Amino acid sequence: MNKPNNKRKKESIERIEKVFLNLIQTKEINEITVTEICKEASINRSTFYANYLDVHDLADKIVEKFINNVYNLYEEERETKNNTNDYLKLFRHIKDNQIFYKTYFKLDRDKHFIITEYDTNLAKEFYDDKYIDYHMEFFMAGLNAIVKKWLNNGCKESPEEINKILKDEYKNKNTH
């Protein structure tokens, strides 16, 4: 494929994704049609089907791209194996990408998120390294609840304020 076609394909994908993200804010996924997306994106159905199987495949690919972006926020930490517990960069990312996060939660993808790594030093300090799976579940549910509430409120508070709220919840944790 030559470069102009790559550019055209990329632009088509961006238009399709933008239209879908706008539609999913006011409709359920099963109410969104390929025809509607194509009409609003000013593309042919063949262009849509050259990139996606259906609307659900489009949603899956958008979520996958989104998860990779979030994953990349902490790439340096993974490479250096230095967990800074820096949620501020996550909160900044959320504020800058609100529509993606709203879509992620609306599609209930947060229910499929599983923590595969955790800070073993904090686990030993706070929990004597016991029942970690329960503590991780509790933390993720709380973090998701904070993010959802923040998004529903239009991210009025700064990322720094949300980060402080999270830290304050765990500030006195080591005093059993």
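**Helix contacts and aromatic rings**

Analyst: This is a predicted model. In it, helix 4 makes a right-handed crossing with helix 6.

User: At roughly what angle do the axes of helix 4 and helix 6 cross?

Analyst: Helix 4 covers residues 55-73 and helix 6 covers residues 88-96. Their axes come within 10 Å, and the crossing angle is roughly 145°.

User: Which residues of helix 6 are met by Asn 69, Val 70 and Leu 73?

Analyst: By class, the contact of the two helices has 3 nonpolar, 2 polar and 1 charged residues. Asn 69, Val 70 and Leu 73 belong to helix 4, and on the side of helix 6 they meet Lys 89, Leu 90 and His 93.

User: How many helices and strands does the chain have?

Analyst: From the N terminus, the elements run α-α-α-α-α-α-α-α-α-α. The count is 10 helices and 0 strands.

User: Is the pair of Phe 48 and Tyr 52 stacked, edge-to-face or tilted?

Analyst: The whole structure holds 7 aromatic pairs. For Phe 48 and Tyr 52 the ring centres are 5.3 Å apart. Planes under 30 degrees apart count as stacked and over 60 as edge-to-face. The planes here are at 45°, so the pair is tilted.

User: Is Phe 105 buried or exposed?

Analyst: Phe 105 forms an edge-to-face pair with Tyr 104, at 5.5 Å centre to centre and 70° between the planes. Ring pairs also link these two with Phe 66 and Tyr 101 into a cluster. Buried means under 20% relative accessible area. Phe 105 has 11%, so Phe 105 is buried.

Conventions: Residues are numbered from 1 along each chain as its sequence is written. This is a predicted model: local features need pLDDT of at least 70, side-chain atom pairs count only at pLDDT 80 or more; totals for chains, interfaces and linings use all residues. Side-chain values use heavy atoms; hydrogens and water are left out. Axes are lines fitted to C-alpha atoms, for helices over the stretch in contact, and angles run from 0 to 180 degrees between N-to-C directions. Helices (H or I, at least four residues) and strands (E, at least two) are DSSP runs, numbered from the N terminus. A crossing is left-handed if the near helix is turned anticlockwise from the far one by less than a right angle, and right-handed if clockwise. Contact means heavy atoms within 4.5 Å. Ala, Val, Leu, Ile, Met, Phe, Trp, Tyr, Cys and Pro count as nonpolar, Asp, Glu, Lys and Arg as charged, and the others, Gly among them, as polar. Rings of Phe, Tyr and Trp (its six-membered ring) pair if their centres lie within 6.5 Å; planes under 30 degrees apart count as stacked, over 60 as edge-to-face and the rest as tilted. Buried means under 20% relative accessible area, exposed over 50%, partly exposed in between (1.4 Å probe, protein chains only).
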